[in-house]
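Here is a friendly walk through a structure, meant to be read with the model open beside you. Have a look at the charged side chains to begin with.

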Amino acid sequence: VLHISAGSASSTTLQQAGLVIQGSSDADDAADFGYLAFTNYQSTLANDRVAEIRALRGGTVDKGELTFFTADGSTVAERMRITSAGNVGIGTTSVPSEANLSLAAKTTTEGGHLVINKATSSTHATHIDNNTDTFRIMKGTDSASGSVQFILNHTNGNVGIGTTSPNQKFEVASGNINIQNGDGGFLTFE
């Protein structure tokens, strides 16, 4: 156990404590120059490592990135990366520069998947994914997606609400469309 302390419980002024992991990496060296490893003596993995946080040179010697590794039972692999620009990639080592968050594809036909749970219940969740040629918003639970509520087909540009295969530029299935103006008047399509 490593305990780093500064000041005491009765201190009334700021007493900073820190831990510095210092390495060296120039343009000719490998990218990673510092890491924090979590090991388990009972592990059968190489070096007993089950998780790591690594510091990498972010392209030049004055830029830094953080990578997070976890073990899946057989290997330790990178699971998340924070680039020097602050972009985050989960399940990918190549975070696009225009992305603030990039989720790797789950399968060859199912893209990155984001689940947003309701604060008080895991039985109501919104799932957002990019599946084959479509962007979908679905309702479901915290562990399974359900019916598609909104879909955008990347191939033809069609948008659907309540349908998984819109045949028109905008299609609403099993419902009405209300268009309301600011004066309280509205137009209903049934």
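E65, E78 and R81 are linked in a network of salt bridges, where a salt bridge is a side-chain nitrogen of Lys or Arg within 4 Å of a carboxyl oxygen of Asp or Glu. Please keep in mind that this is a predicted model, in which local features need pLDDT of at least 70 and side-chain atom pairs count only at pLDDT 80 or more, while totals for chains, interfaces and linings use all residues. Residues are numbered from 1 along each chain as its sequence is written, and side-chain values use heavy atoms, with hydrogens and water left out.

The structure holds 4 salt bridges, and the table includes three of them.

| Salt bridge | N to O distance |
|---|---|
| R81 and E65 | 2.9 Å |
| E78 and R81 | 2.8 Å |
| D72 and R79 | 3.9 Å |

R81 lies in strand 4 (residues 76-82) and E65 in strand 3 (residues 64-71), so their bridge ties together parts that are 16 residues apart in sequence. Strands here are DSSP runs of E with at least two residues, and helices are runs of H or I with at least four, both numbered from the N terminus. Buried means under 20% relative accessible area, exposed over 50%, and partly exposed in between, using a 1.4 Å probe and protein chains only. R79, the partner of D72, is partly exposed because its relative accessible area is 29%.

One more charged side chain deserves a look. The charged end of R54 sits over the ring of F69, 4.0 Å from its centre. For this contact, NZ of Lys or CZ of Arg has to be within 6 Å of the ring centre and within 35 degrees of the ring normal.

**The chain as a whole**

How many helices and strands does the protein chain have? There are 0 helices and 14 strands, and reading along the sequence gives the pattern β-β-β-β-β-β-β-β-β-β-β-β-β-β. Of the 190 residues in the protein chain, 23% are buried.

**An aromatic pair**

A search of the whole structure finds 1 aromatic pair. The ring centres of F135 and F150 are 6.5 Å apart and the planes stand at 75 degrees, so the pair is edge-to-face. Rings of Phe, Tyr and Trp (its six-membered ring) pair if their centres lie within 6.5 Å; planes under 30 degrees apart count as stacked, over 60 as edge-to-face and the rest as tilted. The pair links distant parts of the chain, with F135 in strand 9 and F150 in strand 10 (residues 145-153), 15 residues apart. Between their C-alpha atoms the separation is 8.2 Å. F135 counts as partly exposed because its relative accessibility is 27%, and F150 is partly exposed at 26%.

**The largest pocket**

F135 turns up again here: among the 10 residues that line the largest pocket, L103, G112, D129, N130 and F135 are the closest to its centre. The volume of this pocket is about 180 Å³. On a 1 Å grid over the protein atoms alone, a pocket is an open set of points where a 1.4 Å probe fits, with protein on both sides within 12 Å along at least five of seven lines, and lining residues have an atom within 4 Å of a point. Its volume is the space filled by probe spheres set on the points, which are joined across faces, edges and corners.

Which strands each supply at least two residues of the lining? They are strand 6 (101-103), strand 7 (110-118) and strand 8 (121-131). By class, the lining has 5 nonpolar, 4 polar and 1 charged residues. Here Ala, Val, Leu, Ile, Met, Phe, Trp, Tyr, Cys and Pro count as nonpolar, Asp, Glu, Lys and Arg as charged, and the others, Gly among them, as polar.

K139 has its place in strand 9 (residues 134-140) and counts as partly exposed at 49% relative accessibility. K139 and A125 are 14 residues apart in sequence, with 6.0 Å from C-alpha to C-alpha.

S84 is found in the loop between strand 4 and strand 5 (88-90), and its relative accessible area of 38% makes S84 partly exposed. From S84 to G59 the C-alpha distance is 8.8 Å, across 25 residues of sequence.
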